[in-house]
Amino acid sequence: MSSVSSSPKTVEEIFKDYSARRAGIVRALTHDVDEFYNLCDPEKENLCLYGHPNETWEVNLPAEEVPPELPEPALGINFARDGMNRRDWLSLVAVHSDCWLLSVAFFFGTRLNQNERYAQCFSEMQVGMGAESSSGQMFGWR
């Protein structure tokens, strides 16, 4: 995997990371589809599609370090390429990529403490309800 990395520390940063990684994957599966298709040679090892936080994408082998820095995307996306209709194969890769994107977001979310996870969401709810107290105080989190 390339050296592009991200370590979001807030709910907002996690969403931005998710959105940028998703944009990279969408680009691979739409605008850059011919390049993506050619990179997924079934004769190569287990390949994965990675979306990066700078809205780029890459097809590469899974990370070798154990445990990996991030959850691992679907392995071997290249093996079924020639055995399926191109559109069906791209849909399958898209489904696996959606699952990976969510797992990355949840991976980063587990690193947040309870206040970080809920404070932003509840403070926005309170603003909408006109409440004046701090969101964490309302639920005894601060």
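Buried residues, those under 20% relative accessible area with a 1.4 Å probe and protein chains only, make up 33% of the 142 residues in the protein. The model is predicted, so local features need pLDDT of at least 70 and side-chain atom pairs count only at pLDDT 80 or more, while totals for chains, interfaces and linings use all residues. Residues are numbered from 1 along each chain as its sequence is written, and side-chain values use heavy atoms, with hydrogens and water left out.

**Whole chain.** Display the secondary structure first. The protein has 5 helices and 2 strands, in the order α-α-β-β-α-α-α from the N terminus on. These elements are DSSP runs numbered from the N terminus: helices are H or I of at least four residues, and strands are E of at least two. Next, show the surface: its accessible area is about 8,700 Å², and 53% of that belongs to carbon and sulfur atoms. Such areas come from the Shrake-Rupley method with a 1.4 Å probe; for residues, only the protein chains shown count as cover. Contact means heavy atoms within 4.5 Å. Among contacts between residues at least 6 apart in sequence, 64% join residues at least 24 apart.

**Helices α1 and α3.** Select residues 11-29 for α1 and 86-109 for α3. The two helices pack at an angle of about 165°, with their axes 10 Å apart. Therefore α1 is roughly antiparallel to α3, a description that applies to angles over 145 degrees. Axes here are lines fitted to C-alpha atoms, for helices over the stretch in contact, and angles run from 0 to 180 degrees between N-to-C directions. Residues to highlight in α1 include Ile14, Asp17, Tyr18 and Arg21; their helix meets α3 at residues including Leu90, Val93, Trp100 and Phe108.

**Asp17.** Stay in helix α1 and select Asp17. Asp17 is buried, with a relative accessible area of 5%. Beyond residues up to four places away in sequence, Asp17 touches Ser6, Pro8, Pro53, Val104 and Phe108.

**Arg81.** Move to the loop between β2 (57-60) and α3, where Arg81 lies. Arg81 is also buried, at 11% relative accessible area. Leaving aside neighbours within four places in sequence, Arg81 is in contact with Tyr37, Asn38, Cys40, Asp41, Pro42 and Trp89. Now show the side chain of Arg81: it reaches the backbone oxygen of Tyr37 at 2.7 Å.

Terms used. Buried means under 20% relative accessible area, exposed over 50%, partly exposed in between (1.4 Å probe, protein chains only). A polar contact is a pair of N or O atoms within 3.5 Å; within protein, one must be able to donate a hydrogen and the other to accept it, and residues adjacent in sequence count only if both atoms are side-chain atoms. Angles under 35 degrees count as roughly parallel, over 145 as roughly antiparallel, 65 to 115 as roughly perpendicular and the rest as oblique.
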